[in-house]
Amino acid sequence: MRAIDLGKIESRYFTEAAGIGLFADGLLHYGKRTGKSLPRLLYSVARLYFSARAKRIKLTLDDKIVFERAMMCTVANGPRMALGVPVAPDALLMDGHFDVVVIGDLSRMELIRYFMAVMNQTHNDLPKVTTTKARRVKIECGTRMRVHCDDQIVGTTPATITTEPGALRVVVAAA
């Protein structure tokens, strides 16, 4: 038996990640509205690509306040999200902290390069990506942004996300 951490946003718990930006605005928002067919998915990706814009956000990371221009902010409980995308490869499910990954203000050409870097787990070395550890994260934005929790849109900013260390007990097979 092992105890793993869960994230919590309002009254909802999550195992993977919560956040704002590309994932919430694009794949979850457009994708849910267009269905699961390949042409609709391609339409969603194209719409996201041409409409994506960085927003000025205010992050409160525990007691530290940070202002960023960001395309995406992911509060990761574990290393992967969505369909196994390794957005926070160093995140651990049992350390009591989130890995807060901020992808900064990208041009359209950079967006493609950064997506490929995320998939190859080399994005933490890129200049417009920052990763910080925190137990409590508050995300604010001058305009309301969609907030996701795992694979669901759960509201809009402002959002406060907390870690619940050891909140879930799981059975682990012997090695």
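Me: Is Cys149 buried or exposed in this model?
Reply: Keep in mind that this is a predicted model. Anything under 20% relative accessible area counts as buried. Cys149 has 3% relative accessibility, so the answer is buried.

Me: How far is Cys149 from the nearest cysteine sulfur?
Reply: A search of the whole structure finds zero disulfides. Cys149 is in no disulfide either, and the nearest cysteine sulfur is that of Cys73. A disulfide would need the two sulfur atoms within 2.5 Å, but here the distance is 14 Å.

Me: And which cysteine has the nearest sulfur to that of Cys73?
Reply: Cys73 counts as buried, because its relative accessibility is 0%. Cys73 is in no disulfide, and the nearest cysteine sulfur is 11 Å away. That sulfur belongs to Cys141.

Me: How confident is the predictor, and which element has the highest mean pLDDT?
Reply: For the chain, the mean pLDDT is 88, and 92% of its residues reach 70 or more. Among the elements, helix 1 (residues 22-34) has the lowest mean, at 65. The highest, at 98, goes to strand 8.

Me: How many residues are in the largest nonpolar core?
Reply: In soluble globular proteins, nonpolar side chains tend to be buried together. Here, the residues with the most contacts inside the largest core are Ile57, Cys73, Val100, Val137, Ile139 and Ile161. In total, this core has 23 residues.

Me: Which strand gives the largest share of this core?
Reply: Several elements give two or more residues to it, including strand 3 (17-21), strand 4 (55-61), strand 5 (64-76) and strand 11 (159-170). The largest share is four residues, and it comes from strand 5.

Me: What does Ile139 touch, leaving out residues up to four places away in sequence?
Reply: Ile139 is among the residues with the most contacts inside the largest core. Its contacts include Gly19 and Ile20, along with Lys58 and Leu59. Ile139 also touches Cys73, Val75, Thr157, Pro158, Ala159 and Ile161.

Me: Which side chain makes a polar contact of 2.6 Å with the side chain of Asp99?
Reply: Asp99 lies in strand 6 and counts as buried, at 3% relative accessibility. Its side chain reaches the backbone nitrogen of Ala91 at 3.4 Å. The 2.6 Å contact joins it to the side chain of Lys133.

Methods: Residues are numbered from 1 along each chain as its sequence is written. This is a predicted model: local features need pLDDT of at least 70, side-chain atom pairs count only at pLDDT 80 or more; totals for chains, interfaces and linings use all residues. Side-chain values use heavy atoms; hydrogens and water are left out. A nonpolar core is a set of buried Ala, Val, Leu, Ile, Met, Phe, Trp, Tyr and Cys residues joined through side-chain atoms within 4.5 Å. Buried means under 20% relative accessible area, exposed over 50%, partly exposed in between (1.4 Å probe, protein chains only). Contact means heavy atoms within 4.5 Å. A polar contact is a pair of N or O atoms within 3.5 Å; within protein, one must be able to donate a hydrogen and the other to accept it, and residues adjacent in sequence count only if both atoms are side-chain atoms. pLDDT is the predictor's confidence in each residue, from 0 to 100.
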